[in-house]
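Hi,

Here is the structure I promised to pass on. Have a look at it first, and my notes come after.

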Amino acid sequence: MSHEPPMRRALELARQAWGRTHPNPMVGAVITEDGVIVAEGFHAKAGEPHAEVMALRHLGRRPKPDAILHVTLEPCCTHGRTPPCVDAIIEAGIRTVVVGATDPNPAHAGHGLALLRSKGVAVVEGVLAADCADLNLIFNHWIVAQRPLIALKVASSLDGRLVPAEGMSPWITGEAARANVQEWRALFPAIAVSVDTLLKDNPRLTARLPSGERCGIRFVLDRHFRSAGKTGFNLFSDAYNDRTIVVGLQSAVRTADLRWYEAEGLSYWCLPGGPEDFLANWIARCALEQITGVMVEAGPRLAAGLLEEGRVDYLLAYVAPMFTGNPDSPVWASSAVGQLVDPRVQVFGQDALYRGYLA
């Protein structure tokens, strides 16, 4: 039988926990017997049973001799909040395991598979491996680099402009592309904007999905705390304002500013060092706080700063099929040098999303 159809179903199951498993990966699993799926499971959130265990529970009986477990990520072989999945697989009597991606942790990669093989379990590796790895791009980076994945999201015209000409729609991209942005907002534990974007655009930075609204951490990168005392902004006054963190320099802060943020129910980080250290120290603080990934919805200045300092790990670039004819609009990456590694291209309406790790 082809292992791809059940693995595709396992991927669908894993995506049901989209953005809800941090710092754990999203994982899906299915059990087939006689080529038919008889049980399914996925990891819902950190601390709850893993996908393999959930599939075995849903089976509710001893698997048949020909049973095959398809799982999107190599089963764990160490004890964390839950016992090792390899133990559950062996104890259940599963004799064949099909795996999508291997464990990204160099200290663990392949160990779970080796343990299964040592117990007589047949292992098939690499089924839809690229899709399975892509599912957990935040987790993979966090495990290997031990710092958050910084993803830069931009939307521009074919000539790289961020603002349409006067008289055009205020949106560069269409409705389908903007809906996809909401999906990415739901995936990332945190979203960041500059104080300029806050003051100019008054964003909400929530993920508005058909299933409802979700909100993670919302950073306002404000080196000199210019936002202190400013009212009427969604990030400061909506139902999620306790998830807003204003980030500035310790050298620029005033006691009155901090008292104002506190009175508004907002949090703040006062970073050491000067402006030249600001982005590096912010990312380091995110790592300290166990924030595994941040999507930066950047204007031209912040995008340029991140790119010039080499702080961008991943790029989400939406491109609309137009030339704006607006010479006054900034170009978001006019001096950037680099390329995407194994880029993925997706089409949403008339717009295209180019995404991938930035070399």
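This is a predicted model: local features need pLDDT of at least 70, side-chain atom pairs count only at pLDDT 80 or more; totals for chains, interfaces and linings use all residues.

Residues are numbered from 1 along each chain as its sequence is written, and side-chain values use heavy atoms, with hydrogens and water left out.

**Cores**

A nonpolar core here is a set of buried Ala, Val, Leu, Ile, Met, Phe, Trp, Tyr and Cys residues joined through side-chain atoms within 4.5 Å. Buried means under 20% relative accessible area, with exposed over 50% and partly exposed in between (1.4 Å probe, protein chains only). The largest core has 56 residues, and Ile31, Ile94, Val97, Trp184 and Phe188 touch the most other members. Another core, of 30 residues, lies apart from it, and Val247, Leu249, Ala252 and Trp269 are among its members.

For Ile94, I left aside neighbours within four places in sequence; what remains in contact is Leu56, Pro63, Ala67, Leu69, Ile89 and Val121. Contact means heavy atoms within 4.5 Å.

**Helix H12**

Helices (H or I, at least four residues) and strands (E, at least two) are DSSP runs, numbered from the N terminus. H12 covers residues 300-308, and its buried residues are Leu302, Ala303, Gly305, Leu306 and Leu307. What do the buried residues of H12 pack against? They meet strands S6 (149-156), S7 (190-194), S10 (217-221), S13 (293-297) and S16 (351-358), plus helix H11 (278-288). Just after H12, Gly310 has a positive phi of about 70°.

**Pockets and the cavity**

These come from a 1 Å grid over the protein atoms alone: a cavity is a set of points where a 1.4 Å probe fits but cannot get out, a pocket is an open set with protein on both sides within 12 Å along at least five of seven lines, and lining residues have an atom within 4 Å of a point. Grid points are joined across faces, edges and corners, and a volume is the space filled by probe spheres set on the points.

The largest pocket holds about 1,400 Å³ of space. Its lining has 43 residues, with Thr197, Asp201, Glu297, Ala298 and Gly299 nearest the centre. S6, helix H7 (175-187), S7, helix H8 (195-201) and H12 each give at least two residues to that lining, and H7 has the largest share, with six. By class, the lining of the largest pocket splits into 21 nonpolar, eight polar and 14 charged residues. For these classes, Ala, Val, Leu, Ile, Met, Phe, Trp, Tyr, Cys and Pro count as nonpolar, Asp, Glu, Lys and Arg as charged, and the others, Gly among them, as polar.

The second largest pocket has about 550 Å³ of space. Of its 26 lining residues, Asn24, Pro25, His50, Cys76 and Phe139 are the closest to the centre. Helix H2 (51-59) and H6 are the elements that give two or more residues to this lining, which has twelve nonpolar, ten polar and four charged residues.

**Single residues**

Asn140 sits in H6 (residues 137-145) and is buried, at 14% relative accessible area. A polar atom of the Asn140 side chain is 3.0 Å from the backbone oxygen of Ala133. A polar contact is a pair of N or O atoms within 3.5 Å; within protein, one must be able to donate a hydrogen and the other to accept it, and residues adjacent in sequence count only if both atoms are side-chain atoms.

Arg214 lies in strand S9 (residues 212-214) and counts as buried, at 18% relative accessibility. The side chain of Arg214 reaches the backbone oxygen of Ala186 at 3.4 Å.

His3 comes in the segment before helix H1 (4-15). The side chains of His3 and His70 are joined by a polar contact of 3.1 Å.

Cheers
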